[in-house]
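I opened the model to look up a few things about its strands, a helix and some loops. My entries follow in the order in which I checked them.

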Amino acid sequence: MKKYRCEFCHEWLDQEDYLRHHQEHLKLRPDGQQNEYVTLPPKEREQASLEGIPCIYYHAKCDSYTRMPEEIIRSYLKNPYLYSADMSFCTGCKTHVPCLELVWTETGENMQLYNDRLRAEFSYSQEQSFLKRVWQWLNQSI
Ligand SMILES: [Zn+2]
Ligand SMILES: [Zn+2]
């Protein structure tokens with residue numbers, strides 16, 4: 001039978017179990033935050049030290065600070081398109097708010113601008129590796 005990989009816990013599941021299993025992950029915790037978020041499998045996450053990487057953000061509207069879970073940071077550093085909703089959970093509002101309203105306390109950078117910057121860098125490196133492959137292929141065929 002075809003197996004599906006859960007994007008939350010990365011377990012392999014049969015098709016019939018997959019939906020129910022998925023629903024469990026999407027249940028909201030009492031504080032309104034989703035049980036878990038989609039992440040990359042541990043081995044595919046960023047492995048380097050997170051020193052210098054911002055992890056606490058501030059929401060001025062409710063004057064609250066929220067810490068970004070490490071597994072999420074390590075996932076979006078590898079693929080900044082993973083969380084394309086551009087919303088992040090605020091512990092003060094107890095709901096997801098636009099990244100445009102959030103500021104990293106460590107760097108003072110707006111979270112939306114930060115995301116856009118990570119995505120631009122990611123697209124650029126994807127393009128470079130594509131061009132490199134084309135170049136290698138051209139060289140081989142001559
Ligand atoms: Zn799962
Ligand atoms: Zn808030």
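Which order do the strands have in the open sheet of three strands? I noted first that this is a predicted model. The order I read is β4-β3-β7, and the pairing is antiparallel. The edge strands are β4 and β7, since each of them pairs on one side only.

**Entry: the pairings of β3**

I went through the two partners of β3 in turn. Strand β4, residues 64–67, runs antiparallel to β3 and is joined to it by four bridges. Strand β7, residues 102–104, pairs with β3 over three bridges, again in the antiparallel sense. I then followed Y58 to both sides. Its bridge partner in β4 is Y65, and its bridge partner in β7 is V103.

**Entry: the side chains of β3**

Which residues of β3 are buried? In this strand, residues 56–59, I found that the side chains alternate. Y57 and H59 point to one face and are buried.

**Entry: positive phi values**

H10 has a positive phi near 65 degrees, and H10 is not a glycine. I located H10 in the loop between β1 (3–5) and β2 (12–14). Is H10 buried, exposed or partly exposed? I wrote down partly exposed, because 13 other C-beta atoms lie within 10 Å, while a residue counts as exposed at 12 or fewer and as buried at 20 or more.

K94, also a residue other than glycine, has a positive phi near 55 degrees. K94 sits in the loop between β5 (87–90) and β6 (95–98). K94 has 14 C-beta neighbours inside 10 Å, so I put it down as partly exposed.

**Entry: helix α2**

Which residues of helix α2 are buried? In this helix, residues 70–78, I listed I72, S75 and Y76. Why are they on the same side of α2? They cover an arc of only 90 degrees around the axis, so they share one side of the helix. I then asked what the buried residues of α2 pack against. The element I found is α3, residues 111–141.

Conventions. Residues numbered from 1 in each chain as written. Chains lettered and ligands numbered in written order. Predicted model: local features only at pLDDT ≥ 70, side-chain atom pairs only at ≥ 80, totals over all residues. Helix = DSSP H or I, 4+ residues; strand = E, 2+ residues; numbered from the N terminus. Arc of directions from axis to C-beta. Contact = placed C-beta atoms within 7 Å. Pairing = 2+ DSSP bridges.
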